[in-house]
Amino acid sequence: MFEEAQYFAPVSAQDDGSVVVELATSHPGFADQVYRARRNAIAALAVNHRPGEPIPAAEYTEQEHRIWSLISHELAIKHRKYATAEYLEGALRLGLPTDRIPQLQEVSELLEPLTGFRYLPAAGLVPLRDFYGVLADGYFHSTQYIRHHSVPFYTPEPDVVHEVIGHANALANDRFAALYRLAGAAARRVESEEALEFVSKVFWFTLEFGVMAESGELRAYGAGILSSYGEIEEFRGMDIRPLDLRVMGATQYDITKYQDVLFRAESMRHLEDVVGAFWETCDDDSIAELQAGVISR
Ligand SMILES: [Fe+2]
């Protein structure tokens with residue numbers, strides 16, 4: 001996921017067919033050989049997966065299922081207070097299990113009848129154009145591992161909690177699913193890497209970290225906020241700016257810290273009118289004009 005991808009652990013396929021995930025020394029699971037072996041095995045499932053085949057089941061420990069149960073319970077409480085109505089409606093429709101980690105195949109089967117979206121397993125970083133491009137076809141690339149059990153409320157990488165609780169609940173809502181598809185179509189349409197980066201920054205500041213005015217208060221719809229136990233308590237105190245494509249496309253962010261600059265949509269309709277309409281029509285020229293400040297919305 002664009003610069004988010006910088007903190008995916010690198011994955012390499014070995015000559016003997018095995019797959020190795022290179023965790024940084026600062027990763028909470030670095031010294032846990034059992035966890036690392038499981039990470040390698042889970043990454044191998046994605047590396048060896050072929051589109052159209054069912055997603056192979058990942059093996060999780062009882063301890064990991066309990067982590068999911070703990071986080072999903074705690075986040076559900078916070079979502080009632082901080083998540084937008086459309087996200088909550090998606091979560092209700094999807095009905096994710098709360099007592100165990102759902103397999104990605106199961107998430108796909110819950111999601112497809114609702115909005116047509118299906119999950120694809122990802123070992124780690126997916127090239128930008130592929131990650132976004134397949135959204136246009138209703139596919140979402142997702143990691144399958146879960147964070148290390150020693151720090152249940154922290155992960156340096158996007159794990160299955162982020163991918164499923166953060167994204168699948170939004171993808172279960174028709175209006176958000178339509179926005180994800182439009183982002184994918186935009187990523188396919190643009191040609192230059194610069195234009196693609198602009199499209200992905202708008203994605204980052206909306207579908208990953210977007211906030212919205214709702215009934216007189218600020219609520220979140222971005223998957224990055226809604227899957228983070230700490231960040232969800234902090235977003236109302238961040239630097240909140242108007243929803244502006246040109247500014248979003250020019251704003252730098254640091255993936256290793258809480259996102260401190262956020263962009264507020266005034267309503268779901270406002271998000272669709274500004275961001276949805278942008279993704280629906282943008283091309284290299286219109287993005288270059290936006291960047292030059294010739295056209296500002
Ligand atoms: Fe994400």
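This is a predicted model: local features need pLDDT of at least 70, side-chain atom pairs count only at pLDDT 80 or more; totals for chains, interfaces and linings use all residues.
Trainee: What makes the charged end of Lys78 count as sitting over the ring of Tyr229?
Mentor: Its distance from the ring centre is 4.4 Å. A charge sits over a ring if NZ of Lys or CZ of Arg is within 6 Å of the ring centre and within 35 degrees of the ring normal.

Trainee: How many aromatic pairs does a search of the whole structure find?
Mentor: It finds 17. Phe176 and Tyr221 are one of them, at 5.5 Å centre to centre and 20° between the planes.

Trainee: Why is the pair of Phe176 and Tyr221 called stacked?
Mentor: Rings of Phe, Tyr and Trp (its six-membered ring) pair if their centres lie within 6.5 Å; planes under 30 degrees apart are stacked, over 60 edge-to-face, the rest tilted. Here 5.5 Å is within 6.5 Å and 20° is under 30, so the pair is stacked.

Trainee: What makes this pair a tie between separate parts?
Mentor: Phe176 lies in helix α7 and Tyr221 in the loop between β6 and α9, so the pair joins parts 45 residues apart in sequence. Helices (H or I, at least four residues) and strands (E, at least two) are DSSP runs, numbered from the N terminus.

Trainee: How do you know whether Phe176 is buried or exposed?
Mentor: Its relative accessible area is 0%. Buried means under 20%, exposed over 50%, partly exposed in between (1.4 Å probe, protein chains only). So Phe176 is buried. Tyr221, at 1%, is buried as well.

Trainee: Why is the pair of Phe203 and Trp279 called tilted?
Mentor: The planes are 40° apart, and the centres 6.3 Å. Phe203 is in helix α8 and Trp279 in helix α12, 76 residues apart. Both are buried, Phe203 at 1% and Trp279 at 0%. They also belong to a cluster linked by ring pairs, including Phe117, Tyr119 and Tyr180.

Trainee: What makes helix α6 mostly covered?
Mentor: Count its residues: 12 of its 12 are buried. Among them are His162, Glu163 and Leu171.

Trainee: How do you know that Thr115 has a polar contact with Leu171?
Mentor: A polar atom of the Thr115 side chain lies 2.7 Å from the backbone oxygen of Leu171. A polar contact is a pair of N or O atoms within 3.5 Å; within protein, one must be able to donate a hydrogen and the other to accept it, and residues adjacent in sequence count only if both atoms are side-chain atoms. So 2.7 Å is within the limit. Thr115 sits in helix α4 and is buried at 13%.

Note on methods. Residues are numbered from 1 along each chain as its sequence is written. Side-chain values use heavy atoms; hydrogens and water are left out.
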